[in-house]
Amino acid sequence: MSPPLGTRLANKVAVITGAGSGIGLESSVLFASEGAQVVCVDINEKGALATVEKITKMFGEKRAIACKADVSKEEDVKNMIKLAVSTFGKINVLFNNAGIMHPKDDNALTTSEDIWDLTMNINVKGVWWGCKYAIEEMRKTGGGSIINTASFVAQRGAATPQLAYTASKGAVLAMTRELAVVHAKENIRFNSLCPGPLRTPLLMEFLNTEEKKHRRLVHVPMGRFGEAIEQAKAALFLASDESSYMTGTDMNVDGGLCAAYVTPEGETQAVCPHTSFQ
Ligand code: NAD
C-alpha cells in the first residue's frame, strides 16, 4: 500500500530537470510525495527512468513520467514542455535545475573556449529555453512558479577556480530577477535557489582531493557539506503556494556560507568556543 500523499503540491504538475541525480532526484520524489505529478527530465535517460521507478514504487502509478532531454537544445525543451501538457494537461511548476560543473573548468587563463561554451549552453541557455516554453503554458492557466538553480558562487567568488560555472550562475541569478519583474503581473513567479557546497556527484567529482574539499569547507560556518534533500525542501517551498508573495529572490541554502567572512589564513571567523571548523 502506498503511503498517503501530502497536499502541499496537490493538483500541481511539476517539470524538474536534472531529475536523475542529486537535487533533481530528491526534489522529484519530494514533490511527488506532496501530491504533484512530476515530469522527470534528464539527458541521462536511465537516471530519469530510475527516478520515475522510485516514485512509482513509493506512490503508485501515474505520479511521474520520464523525459530524455538535453536542456541546451531548444527542440528538446519544447518537447519536454509539450510532453508535460499532453500527459498531465498543464504545467504549474518548472524547476530548471540541470547544470554542469566541468572538471576542466578552471581560471581565466586555463579554461578553454569549448568548456566555456558548453557550460553556458547548459547552465544559462538551458534555463532560458525552459522559461520561454513554460511561460507560454503558464499564461494559459493563470500563473505558475519557476525555480532556477543558481549557486552561492553567483554571490561570492569561489576559492577553487571554475570561471565558466561561476559566470553561468551569475547569469542565472540576473535572468531570474528580470523574469520575475517582467512577469509578476501574470502571476508567474521566478526565484533562484542558491545551494552551498553539497555532497552530490557534481561537486564531489570536482573537489576530487581531500585538500580541495577542505579548501571549500573552511568557508561554511556549519562545517559540513549540504545534502540534496535540504535543497529539495527549499525548492518545495518555492514551488508551493506557501511562497505566493515571493518572486525575484535568491534563496540561499548554504550552511551560512554567504553570511560569513574569512581571515587572511582562509579560516571562517567564529567566536563561539564550541564551534570547530575541521
Ligand atoms: P548532479 O550532477 O548530481 O545532477 C545533475 C543532473 O543534471 C544529472 O542527472 C545530469 O545528468 C543532468 N544534466 C546534466 N546536463 C544536462 C543537460 N544538458 N540536460 C539535461 N540534464 C542534464 O548535480 P546536483 O549537485 O544535483 O546539481 C543540480 C544543480 O545544482 C546544478 O544546476 C548545479 O550547478 C547546482 N548546484 C550544485 C551544487 C553542489 O554543490 N552540488 C552547489 C550549487 C549549485
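A polar contact here is a pair of N or O atoms within 3.5 Å; within protein, one must be able to donate a hydrogen and the other to accept it, and residues adjacent in sequence count only if both atoms are side-chain atoms. This is a predicted model, where local features need pLDDT of at least 70 and side-chain atom pairs count only at pLDDT 80 or more, while totals for chains, interfaces and linings use all residues. Residues are numbered from 1 along each chain as its sequence is written, and side-chain values use heavy atoms, with hydrogens and water left out.

**Stop 1**

Select Lys169. An N or O atom in its side chain is 2.9 Å from an oxygen atom of the ligand. Go to Asn97 next. A polar backbone atom of Asn97 is 2.8 Å from a ligand oxygen. On its own the ligand has 830 Å² of accessible area (Shrake-Rupley method, 1.4 Å probe), and the protein covers 93% of that.

**Stop 1: the shell**

Now switch to cartoon. Helices are DSSP runs of H or I, at least four residues; strands are runs of E, at least two; both are numbered from the N terminus.

**Stop 2: the pocket**

The space it takes is the largest pocket. A pocket is an open set of points on a 1 Å grid over the protein atoms alone, with protein on both sides within 12 Å along at least five of seven lines; lining residues have an atom within 4 Å of a point. This one holds about 800 Å³, the space filled by probe spheres set on the points.

Select the 38 lining residues; Asn97, Ala98, Gly99, Ile100 and Leu202 lie nearest the pocket centre. Elements giving two or more residues to the lining are α1, β2 (37-42), α5 and α6. Here α6 gives the largest share, four residues.

Key. On a 1 Å grid over the protein atoms alone, a cavity is a set of points where a 1.4 Å probe fits but cannot get out, and a pocket is an open set with protein on both sides within 12 Å along at least five of seven lines; lining residues have an atom within 4 Å of a point. A molecule sits in a cavity or pocket if more than half of its atoms lie within 2 Å of its grid points.
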